Structure formats: structure tokens, C-alpha cells
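Here is a short briefing for a first look. Please keep the sequence and the 3D view side by side.

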Amino acid sequence: MSANAFELVCVDCARAYPGLVLRYRCDCGGTLDVVHDLDAIAASVSRETFDHRRGSADPIDRSGVWRFRELILPFGEGSPVTRGEGNTHLYDSPRVAAFTGMKRLLLKHEGENPTGSFKDRGMTAGATAARLLGMQRVACASTGNTSASMASYAAVGGMQAIVFIPEGNIAYGKLSQALAYGARTLQLAGDFDAAMRVVEQVCNEENIYLLNSINPFRIEGQKAIGFEMLQDLGWKVPDWIVLPGGNLGNNSAIAKGLIELHQMGWIDALPRMAVIQATGANPLYTAFKTGKPLEPVTAETIATAIRIGNPVSWKKSMRGLQALDGVVEQVSDQEIMDAKAHVDAAGIGAEPASCATIAGLRKLVENGTIDPDSTVCGILTGNLLKDPDAVVGYHKGTLSGIDSPHANAPVSVSDDLDAILAELRR
Ligand code: F0G
């Protein structure tokens with residue numbers, strides 16, 4: 001193979017399919033990995049190439065995904081469907097560090113992507129693959145962020161988006177985006193897992209390109225979170241990466257990318273990885289603890305983004321966790337919302353699922369798994385504005401089953417100077 005060639009290889013039986021082909025699964029049913037020719041890539045580009053591109057004036061080079069294109073999806077003479085994704089800030093937050101018990105804490109805020117979540121990194125790659133394959137329509141099942149991202153990238157790339165979402169269990173910011181970007185939006189009576197089951201069949205029947213993270217190119221794009229994080233750190237590998245887990249595409253992707261860099265000799269060690277699940281949506285946690293194959297659960301959590309009971313990418317996820325000496329932790333909805341109150345009050349802010357990262361880190365420091373002196377990079381996956389109901393509900397104390405010990409409730413005051421001054425001086 002050359003630096004521009006790659007294969008799709010089955011995770012279960014290792015059968016290989018050459019290049020960019022229209023399939024998400026092997027004939028045996030297993031999911032597929034993109035396998036690049038790492039030797040050829042290492043011979044053609046270097047860390048310095050990527051660092052140089054970061055400062056380039058070319059918008060493709062500046063994208064926090066396409067800067068690493070040889071390791072993502074070589075697009076040849078074509079052009080990617082891009083919104084200049086990535087380039088998210090790596091916060092150094094003493095306030096959030098103190099809440100978790102860490103001496104120092106770095107937070108890569110993927111909510112600063114164009115549509116407000118990390119999904120844009122995978123979506124730019126998936127939408128580019130769709131266009132290279134000549135697809136007119138793209139579809140996904142989603143708890144909200146994937147649909148928001150896909151709707152935007154489909155519109156930018158001139159394709160029709162069709163989204164399947166669980167009715168009533170999607171945050172309003174995300175639903176607004178899908179509608180606003182012009183996606184045909186089908187609200188299904190079932191949950192995400194039911195929507196996921198049906199969308200693959202619909203795509204196969206109707207020749208629509210499936211852009212869930214079962215699509216191997218989505219995973220390739222999401223690897224760039226890890227690449228850019230390393231670039232932010234001057235290619236110094238942190239001790240730990242901590243992130244939430246739902247459908248388990250993201251942790252699979254970040255691990256895959258780091259393993260590739262390690263194989264190429266561009267990093268001298270691998271970080272450890274901690275995947276955090278909500279207690280009510282914890283099939284990976286259980287599988288990891290018991291060492292048994294993943295058993296689907298009926299999911300329920302206030303963090304609707306990760307309200308997933310039958311994650312598609314669990315085998316890839318386990319493989320990454322093994323390679324990175326990973327752990328899986330679970331946190332309650334109360335722990336998620338209290339952690340969120342701290343992330344928000346630190347001036348950074350993120351949606352509930354993202355704050356599972358912080359709640360989980362706090363637990364892992366408390367139980368001695370993570371050393372407070374180590375270098376930890378937490379990933380915040382989605383923007384604060386995605387789920388305004390969760391924010392206002394917490395601060396007004398109206399969320400069912402959730403206490404609000406860190407509430408910052410709004411105060412009603414009459415339109416009268418004395419009353420306002422009395423309130424401010426109280
Ligand atoms: N955080 C946020 C904000 C998410 O939207 C998701 C997934 C995750 C974490 C979990 O990532 O699935 O790769 O393990 N949201 C998907 C969606 C499922 O449809 O938007 P994962």
C-alpha cells in the first residue's frame with residue numbers, strides 16, 4: 001500500500017476490503033476498521049508537517065481534522081466537506097481541578113466545535129466519504145449531537161440529511177439544530193437503541209449512507225481529538241485521558257489514533273484511558289468489571305447524550321481499553337449534575353454527558369486509581385447550550401430526582417429601584 005491507500009478490515013474475522021467502499025460491516029456481520037499503511041505515512045509526513053499545517057493559511061490545513069489527513073481519509077483530488085472543525089481550547093482549570101481532587105487538570109473542550117460537539121470531527125470525515133462515494137442522502141440515529149452535526153455537514157456538502165431521534169429524549173438545543181439545518185427529522189416512539197436498529201436497515205434498503213459511528217470513517221475523524229490534544233501538549237503524552245462513553249465510538253477512535261502514533265514511533269508511550277458511563281446506562285462498565293461480553297441494558301439517565309443501552313462499538317472500545325490499560329467507572333445522575341455545576345461555574349460550561357468526565361475523575365481520584373499529581377486530560381464532549389433545560393432545571397431545583405446543592409437560582413424582583421437595591425444589598 002502507499003500513504004494514500006487503506007483497507008477496511010473486519011474487527012471479528014480480519015477479512016480485508018480495499019479502499020473506499022460502500023459498506024459498514026463485513027459479510028460476517030463484524031464492524032470494520034480503517035487500516036492505513038503506517039510505514040508509508042511515516043515516510044511521507046511527520047509531526048513537524050502537522051505542526052506546520054496548524055499555522056498555515058490554507059483552511060484545509062487549519063482544520064483540526066484535515067491537518068492530519070494522511071491518518072484520517074486521503075481524499076485525493078477531491079475536497080473535504082469541512083467547517084474548519086477542531087482547534088478547540090485546552091483549558092487549564094484550577095477550579096475544576098480542585099473539585100476533582102487533582103493538583104492540575106487539563107480540559108479539551110470539544111463543545112467548541114462548529115455545531116457544539118465532538119461529533120463534527122467524525123462527521124467531516126464521514127460526510128467527505130459520503131461525497132466521494134457519490135451519495136445523495138445520509139442518515140443517522142442519534143441522541144442529538146450526531147444528528148445536529150450530520151444535518152450541518154450534509155447541508156454544507158449538498159446532501160439530504162435524514163435523522164432518527166428518540167421522541168422526548170433529546171435536548172432542545174440539538175433538536176433545534178437538526179430542524180434548522182434542514183434535516184428530515186423522524187421522531188421515533190422508541191429509544192436510541194431502537195432507532196439505531198432500524199436506521200441501518202433503512203439505509204441498506206434505500207441506498208442512503210449511514211453516518212453513525214459504525215461508519216469506519218467517522219471513527220477516523222474522531223481520532224483527531226487525540227492528535228490535536230497531543231499537539232496542544234507539544235506531543236508530550238498525558239498520564240490519563242478521561243471521557244464519557246455512550247455508543248463507545250469516541251473512546252475507540254481516540255485509542256485507535258494513539259495506538260497508530262505509537263506504532264509509528266511518534267509518541268514513546270500510550271496514556272491510560274478512563275471511560276465514564278452513567279449508572280443508568282452502564283453496559284460497558286458491567287462488561288468490563290465482569291470480563292463478559294456486553295449485555296444490553298434499558299438505559300435511563302439525565303445525560304440524554306449517553307442514554308444508550310446497546311452500544312455498537314463495544315468490541316472496538318474494549319480493544320482500545322486493553323491497549324491503553326484503561327478503566328471504566330460509573331457515576332449517578334446526581335454526581336453528573338453536581339460536577340456540571342462546578343464545570344459551569346468555572347466559566348467553562350458543558351452539557352450533562354460531558355460532565356460525567358469530571359464526576360468520574362473525582363471518583364477515580366477518591367478511590368486511588370488516579371494519582372492527583374498525574375497529568376490528566378479530560379474531554380468535554382458537548383457545549384453548555386445544548387441542553388438549557390438541564391441547566392435551568394438544576395438551578396431552579398425543578399429536576400425530578402435531583403437535588404441542587406450548587407443552585408444559582410434566578411431571583412424575581414419588581415421593576416423598582418428600591419426593591420432592586422434592597423435585593424443587591426441583601
Ligand atoms: N458526550 C456527548 C455530548 C455525546 O453526544 C455522546 C454521544 C457521547 C458523549 C458519547 O460518545 O457515543 O462515542 O461513546 N452522542 C451520540 C449522538 C450517541 O447520537 O449524538 P460515544
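Is threonine 31 buried or exposed? Threonine 31 is buried, because its relative accessible area is 13% (buried means under 20% relative accessible area, exposed over 50%, partly exposed in between, with a 1.4 Å probe and protein chains only). This is a predicted model, in which local features need pLDDT of at least 70, side-chain atom pairs count only at pLDDT 80 or more, and totals for chains, interfaces and linings use all residues. Residues are numbered from 1 along each chain as its sequence is written, and side-chain values use heavy atoms, leaving out hydrogens and water.

**Threonine 31**

- Threonine 31 sits in the loop between strand 2 and strand 3 (32–36). Helices (H or I, at least four residues) and strands (E, at least two) are DSSP runs, numbered from the N terminus.
- Leaving aside residues up to four places away in sequence, threonine 31 touches Val9, Cys10, Val11, Tyr24, Arg25, Ile214 and Lys316 (contact means heavy atoms within 4.5 Å).

**Helix 6 and helix 7**

- Helix 6 (residues 145–157) and helix 7 (residues 172–180) have axes that come within 8 Å and cross at roughly 25°. Axes are lines fitted to C-alpha atoms, for helices over the stretch in contact, and angles run from 0 to 180 degrees between N-to-C directions.
- Helix 6 and helix 7 are therefore roughly parallel to each other. Angles under 35 degrees count as roughly parallel, over 145 as roughly antiparallel, 65 to 115 as roughly perpendicular and the rest as oblique.
- Asn145, Ala148 and Ala151 of helix 6 make the contact with Lys174, Gln177 and Ala178 of helix 7.
- By class, this contact of helix 6 with helix 7 has three nonpolar, two polar and one charged residues. Ala, Val, Leu, Ile, Met, Phe, Trp, Tyr, Cys and Pro count as nonpolar, Asp, Glu, Lys and Arg as charged, and the others, Gly among them, as polar.
- Buried residues in helix 7 include Gly173, Lys174, Leu175, Gln177 and Ala178.
- The cover over the buried residues of helix 7 includes helix 6, strand 7 (160–166), strand 8 (184–188) and helix 16 (388–396).
- Glycine 182 follows helix 7 and has a positive phi, near 90°.

**Helix 2 and helix 10**

- Helix 2 (residues 47–54) packs with helix 10 (residues 224–232) at an angle of about 85°, and their axes are 11 Å apart.
- That makes helix 2 roughly perpendicular to helix 10.
- Phe50, Asp51 and Arg54 in helix 2 meet Glu228, Gln231 and Asp232 in helix 10.
- The contact of helix 2 with helix 10 divides into one nonpolar, one polar and four charged residues.

- Most residues other than glycine have a negative phi.
- Alanine 14 has a positive phi, near 70°. Alanine 14 lies in the loop between strand 1 (6–10) and strand 2 (16–18). Alanine 14 counts as exposed because its relative accessibility is 53%.
- Leucine 248 has a positive phi, near 75°. Leucine 248 lies in the loop between strand 10 (240–244) and helix 11 (249–263). Leucine 248 counts as buried because its relative accessibility is 2%.

**Aspartate 373**

- Aspartate 373 is in the loop between helix 15 (352–366) and strand 13 (376–380).
- Aspartate 373 counts as exposed, at 53% relative accessibility.
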